[in-house]
Amino acid sequence: MATTTGTTRRNGVSAAAPAAQEPREKTKDSTRAFNVTAAVVLTVFAVLWLLPSLFALKTSLTTNSTAALGAPAILSDLQITFGSYLTLFQAGDIWNWYLSSFITSAVTTVLTVLFASMGGYALSRLRFPGRNLVFLLMILGIMVPAQVLVVPTFQMLDAAGLLNTYWAVIFPQVPAVIALFVFKQFFDGLPRELEEAARIDGAGYWRIYRQVVMPLSGPVVAAMAIVTFVGVWNNLILPLFVLSNPELMTIPVGLATVQGSFGQMFADIQASAVLGALPLVVLYMIFQRRIIEGVAGTGIKG
Amino acid sequence: MTTLTTPPPVPPSAATRPDGSPDTGTRVKTRDARAGWLFLAPFAFFYALFLIVPTLYMLITSFFNTSLVRPGLGSFAGFANYAEMFGRADFWSAMWHTLQFTLYTTPPLVVLAFVFAVLANRLKRGQWFYRLAFFLPFVLPSATIGLIWVFIFTPGTGLWPTVQGWLGMEPTAVLADPSWAMVGIAIATVWWTIGFNFVLYLAGLQDIPRELYEAAAVDGASPWQQIRSITLPLLSRTTTLVVLLQIIASLKIFDQVYLMTQGGPGISTQVALTQIAAIGFTDNRIGAASAFSVLLFIVIIAIALIRQLFERNQDRSA
């Protein structure tokens, strides 16, 4: 702490005094050299990072026979064909997978955002007996790894007769504890004056939540919605075990069957990989900032 | 319902109480209580049903010979399932492979993400490009990552052995070789998830005041010195978070193994969760799978607790 205040003060002085200009020249040069090196190194790595995706894209745009010859043939083939995409669209499985993924992701997102924001509102604004116990239980829940619960979850859904329904994928993913805490924290930071005014006007809690609090929560709702949507869309382990009907398979489960069933049709395989990723690429392009904020703000990791 | 009762007139003095609660009348208190539980009810319902109940069920069945093909809990087994796990060679090898995966992925994921973020943060232009390159893969489904990397690692004709040939190296059949398969999974994972750590570090860098760097530059500190004595120490909190999240995520690895090697060749990449799934869903032995799950659970909770303690400590010292 001492060094921090020291340096800022000195900075304040030197910024006002042009005398400090001279020793700066040398660091300016080294800074420029450093920044150029940084740009070069980083760009090399970024290109390296893009290569696998671009290679998959390129493979998906060649014929299966060219793709079977291997990487040199794929890279030197200048022709572009959409044959694999046409094959996949005509076979039709991909449409079912899209539909399943879209329905499960959308419904889970709506339920999670609604229930987590309501719960977050209760924990932030209302004092009630048992609140501390709930709080403690929820904090413990952050640590519970859902993936490890896949076997008992499967059995419960089996007992409830929910296997091979969308609900089997939706229900277990609704209680996202992190979302609850993100909402609570956000509400904690909102000024209470508007709510008090509404309450004096006779509004009940539900109306305050719906008409005062939620309209102020756009950014956090958007961030939580996107993070939830992407998480559910990409979940493999849960739908893998609770959905065995090919017509209900989500994108990840469907893609997991592709490797075996397409054999050596490498262009088709890569085309399905690209199609499975496409909606998320589009989502990223539109909501880049929200996604990054959501991920960085919550520390949600698969 | 409570919303129908008109709220008691609030005396102005109470409305402006400093702690923000407008009234302490018993009527408001019960209204608060009922509303609180009503607002929490939907979330709590799903939370109890899909987090608490499965956790308890896992604990209970770990002490029984529960089977997937017979109804009910089955006969009481005591600690037999646990004893069996500790005696099974494949339990220890799955645990070892999980640790191996953690050891292979954590250092590059932390170090590279730090370097990329620090470098990207210095540059004024092209931020979107670096974010796209490093972060976009993280948003993609693991199944896409699996398909791409299995293809890249195709023995003989894949991109990986081809590039190895160009560089004059002996081409490796990465995923088909027991001593390389986990390395292949680790490479795909580093490529896939580095964006997560990258954005966490970028967020951490935003919190470092620019004046610190300017002041250091005035004092003649080179960029390298600035990184070493300003960035590195001030990001230590982020680094702790990144490392612990990384370890927890690594212990839960399932997707990449399931998609890329199915635990093979042999059992050389069989990890905890794929082994649990095999015991539960292939051998139908829920009790044994639960005992394994509980053991993994304990390890993960222990690390998560370390994280909580650490954060509390840092909050206090901050």
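Predicted model: local features only at pLDDT ≥ 70, side-chain atom pairs only at ≥ 80, totals over all residues.
Helices (H or I, at least four residues) and strands (E, at least two) are DSSP runs, numbered from the N terminus. Residues are numbered from 1 along each chain as its sequence is written, chains are lettered from A and ligands numbered from 1 in the order in which they are written, and side-chain values use heavy atoms, with hydrogens and water left out.

**Chain B as a whole**

- Chain B holds 14 helices and zero strands, and its elements, read from the N terminus, run α-α-α-α-α-α-α-α-α-α-α-α-α-α.
- Of the 318 residues of chain B, 55% count as buried, where buried means under 20% relative accessible area, exposed means over 50%, and partly exposed lies in between (1.4 Å probe, protein chains only).
- Among the contacts in chain B with a separation of 6 or more, 67% come from residues 24 or more positions apart, a contact being heavy atoms within 4.5 Å.
- Chain B exposes about 14,100 Å², and carbon and sulfur atoms supply 67% of it; accessible areas come from the Shrake-Rupley method with a 1.4 Å probe, and for residues only the protein chains shown count as cover.

- The size of an interface is often given as the accessible area lost when the parts come together.
- Chain A and chain B bury about 9,900 Å² between them, with 78% of it on carbon and sulfur atoms, and buried area here is the accessible area (1.4 Å probe) that two parts lose on being put together, summed over both.
- On the side of chain A that touches chain B, α2(A) gives the most, with 20 residues.
- In terms of residues, 110 of chain A are in contact with 106 of chain B.
- Between the two chains there are 12 residue pairs in polar contact (both at pLDDT 80 or more); a polar contact is a pair of N or O atoms within 3.5 Å, where within protein one must be able to donate a hydrogen and the other to accept it, and residues adjacent in sequence count only if both atoms are side-chain atoms.
- The count of salt bridges between chain A and chain B is zero, a salt bridge being a side-chain nitrogen of Lys or Arg within 4 Å of a carboxyl oxygen of Asp or Glu.
- Thr59(A) belongs to helix α2 (residues 21–60) of chain A, and Thr59(A) counts as buried because its relative accessibility is 0%.
- Leaving aside neighbours within four places in sequence, the contacts of Thr59(A) include Ala67(A), Phe266(A) and, in the other chain, Phe151(B).

**Salt bridges within the chains**

- Side chains of opposite charge can pair when their charged atoms come close, and the count over all chains comes to five salt bridges.
- In chain A, Asp188(A) forms a salt bridge with Lys184(A), the closest N and O atoms being 2.6 Å apart.
- Asp188(A) and Lys184(A) are separated by about one helical turn because they are four residues apart in helix α10 (residues 177–189) of chain A.
- In chain B, Glu84(B) and Arg285(B) meet in a salt bridge (2.7 Å, N to O).
- That pair links distant parts of the chain, with Glu84(B) in helix α3 (residues 80–87) and Arg285(B) in the loop between α13 (272–282) and α14 (286–317), 201 residues apart.
- Asp90(B) and Arg88(B) also meet in a salt bridge (2.9 Å, N to O).
- Salt bridges that share partners join Glu84(B), Arg88(B), Asp90(B) and Arg285(B) into one network.

**Loops and backbone angles in chain B**

- Asn284(B) has a phi near 60 degrees, a positive value in a residue other than glycine, and Asn284(B) is partly exposed, with a relative accessible area of 23%.
- Gln262(B), which is not a glycine either, has a positive phi of about 55 degrees, and Gln262(B) counts as exposed because its relative accessible area is 57%.
- Leu167(B) is found in the loop between α7 (159–166) and α8 (181–206) of chain B, and Leu167(B) counts as exposed at 62% relative accessibility.
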